[in-house]
Amino acid sequence: MAESQFAGRGQQDNQWHSEPGKNLTFSLLLTPTFLKVLDQFDLTRAVSLGVFDALEPILGDQLKIKWPNDIYYGDRKFGGMLIENIIQGGRIKSSIIGIGLNVNQESFPEGASNATSMKQILHEGYNLNTLLSEICSQIEAWYLKLRAGKTELVRNAYLKRLYWLNENKRFRTQGTIFEGVIKSVRDNGILVVQNNIGAELEFSLKEIEFLNKTDTL
């Protein structure tokens, strides 16, 4: 766990800003050799569920997992993660999971206008070590379910907690805005969105943008 992070990053080299001593920025090392490379998104699911289940009793039902692995409260980003896998012989030899969560930070850079924190939501501070312990405990619980072969349980739980699931919303892809409904996530992590004429479209990371009412077009 780092008290101060000066070069945090997320998916596709996005930057992650964290005020020193205010938030949780930590990494976990796992060795999921039981997972095939084709099933590596199940690890993303398990870790996301662990973070979610640690936070949901504190923050309530506005908490969601935004595909693929961001944590949202309402329409605001609460945290995210980056998973980097080392592959050997068609299986995952090891995984480094970097997680960043906004806990006690009260203001954010101009470029992070949709960010929120536990303190902004609850109007009180929270002990970082207590929260870290609970998150690690919940991640371990979901990781052990995955290792025990309870893959469908993990996949169904992830889908149930998904941000914008079965809601008609606006998206942007390749410069085109369309309305659609998130219907599912494929086993390999591909997002499935049904457009307003009933066609199912598939998207991988960075191929689709979620548009809120406040987003400029």
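Is Phe-210 buried or exposed, and what is its relative accessible area? Phe-210 has a relative accessible area of 9%, so Phe-210 is buried (under 20% relative accessible area; 1.4 Å probe, protein chains only).

This is a predicted model, in which local features need pLDDT of at least 70, side-chain atom pairs count only at pLDDT 80 or more, and totals for chains, interfaces and linings use all residues. Residues are numbered from 1 along each chain as its sequence is written, and side-chain values use heavy atoms, with hydrogens and water left out.

**View 1. The aromatic pair of Phe-41 and Tyr-158.** The count of aromatic pairs comes to 10 (rings of Phe, Tyr and Trp, the last by its six-membered ring, with centres within 6.5 Å; planes under 30 degrees apart are stacked, over 60 edge-to-face, the rest tilted). Phe-41 and Tyr-158 are edge-to-face, at 5.7 Å centre to centre and 90° between the planes. Both residues are buried.

**View 2. The aromatic pair of Trp-164 and Phe-210.** This pair is tilted, with 5.1 Å between centres and 35° between the planes. Trp-164 is buried because its relative accessibility is 3%. Trp-164 and Phe-210 also belong to a cluster linked by ring pairs, whose members include Tyr-72 and Phe-171.

**View 3. Lysines over rings.** The charged end of Lys-66 sits over the ring of Phe-210, 4.6 Å from the ring centre (NZ of Lys or CZ of Arg within 6 Å of the ring centre and within 35 degrees of the ring normal). Lys-145 lies over the face of Trp-142, at 4.8 Å from the ring centre.

Notes: Buried < 20%, exposed > 50% of the residue type's maximum accessible area, 1.4 Å probe, protein only.
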